[in-house]
Amino acid sequence: LRDFIEQDVHHRGIAELTSVDDMRARKAGLDAHADAFVALPGGLGTLEELVEILSFRKLGLHQRPVVALCLRGYFDGLVAQIERGIAEGLDGESVRGFLRTTRDPAAVVGLCERTARARLTPSEGR
């Protein structure tokens with residue numbers, strides 16, 4: 001968001017910084033350019049974005065990997081909530097596979113790559 005840049009609340013090491021007007025435009029841009037989605041521990045905004053992308057996966061709007069870096073058990077509660085939704089019949093068993101978690105930062109990229117490869121059919125991406 002432009003306000004973050006003006007307040008100097010952005011990561012300076014990013015090679016290409018794109019400025020957008022609002023959160024909807026930000027999320028649309030992330031969705032349009034992402035090969036995978038990785039969530040790091042964060043606040044309500046992170047949780048909202050993660051749940052939205054999981055919802056989009058459930059609706060069949062994408063098949064890209066979604067990985068959460070679960071440092072100190074940060075996303076354990078979300079995983080438990082997903083399991084509860086399945087147990088109570090609110091979501092199907094397939095939802096369980098939408099979110100991959102790891103406690104190992106070095107494993108995040110590999111997990112994204114393995115999940116992406118597993119979903120490719122012989123005619124895609126080879």
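**Close-up 1. E52 and K27 in the predicted model.** E52 is partly exposed in this predicted model, at 26% relative accessibility. The side chains of K27 and E52 form a salt bridge, 3.0 Å from N to O. The pair joins distant parts of the chain: K27 sits in helix α2 (residues 23–33) and E52 in helix α3, 25 residues apart. A salt-bridge network links K27, E48 and E52.

**Close-up 2. A salt bridge between R96 and E83.** The two side chains meet at 2.8 Å, N to O. R96 lies in the loop between α4 (76–87) and β3 (100–102), and E83 lies in helix α4, so the pair ties together parts 13 residues apart in sequence. R96 is partly exposed, with a relative accessible area of 36%. E83 is also partly exposed, at 28%. Another salt bridge pairs R84 with E88, with the closest N and O atoms 2.9 Å apart. The count of salt bridges comes to 9.

**Close-up 3. R57, a buried arginine without a salt bridge.** R57 belongs to helix α3 (residues 44–58). The nearest side chain of opposite charge, D31, is 11 Å away. Leaving out residues up to four places away in sequence, R57 touches H62, Q63, R64 and F98.

**Close-up 4. A nonpolar surface patch.** L44, L47 and V51 make a patch of about 280 Å². V51 is in helix α3. Its relative accessible area is 36%, so V51 counts as partly exposed.

**Close-up 5. Cysteines C70 and C112.** C70 is buried at 1% relative accessibility. C112 is buried too, with a relative accessible area of 10%. The whole structure has 0 disulfides.

Notes: Residues numbered from 1 in each chain as written. Predicted model: local features only at pLDDT ≥ 70, side-chain atom pairs only at ≥ 80, totals over all residues. Heavy atoms only, no water. Helix = DSSP H or I, 4+ residues; strand = E, 2+ residues; numbered from the N terminus. Buried < 20%, exposed > 50% of the residue type's maximum accessible area, 1.4 Å probe, protein only. Lys, Arg positive; Asp, Glu negative; His and termini not counted. Salt bridge = Lys/Arg side-chain N within 4 Å of Asp/Glu carboxyl O. Contact = heavy atoms within 4.5 Å. Disulfide = S-S within 2.5 Å. Patch = residues over 30% accessible without salt bridge, like charges linked within 9 Å, V, L, I, M, F, W, Y side chains within 5 Å. Areas by Shrake-Rupley, 256 points an atom, 1.4 Å probe, with all protein chains shown as cover.
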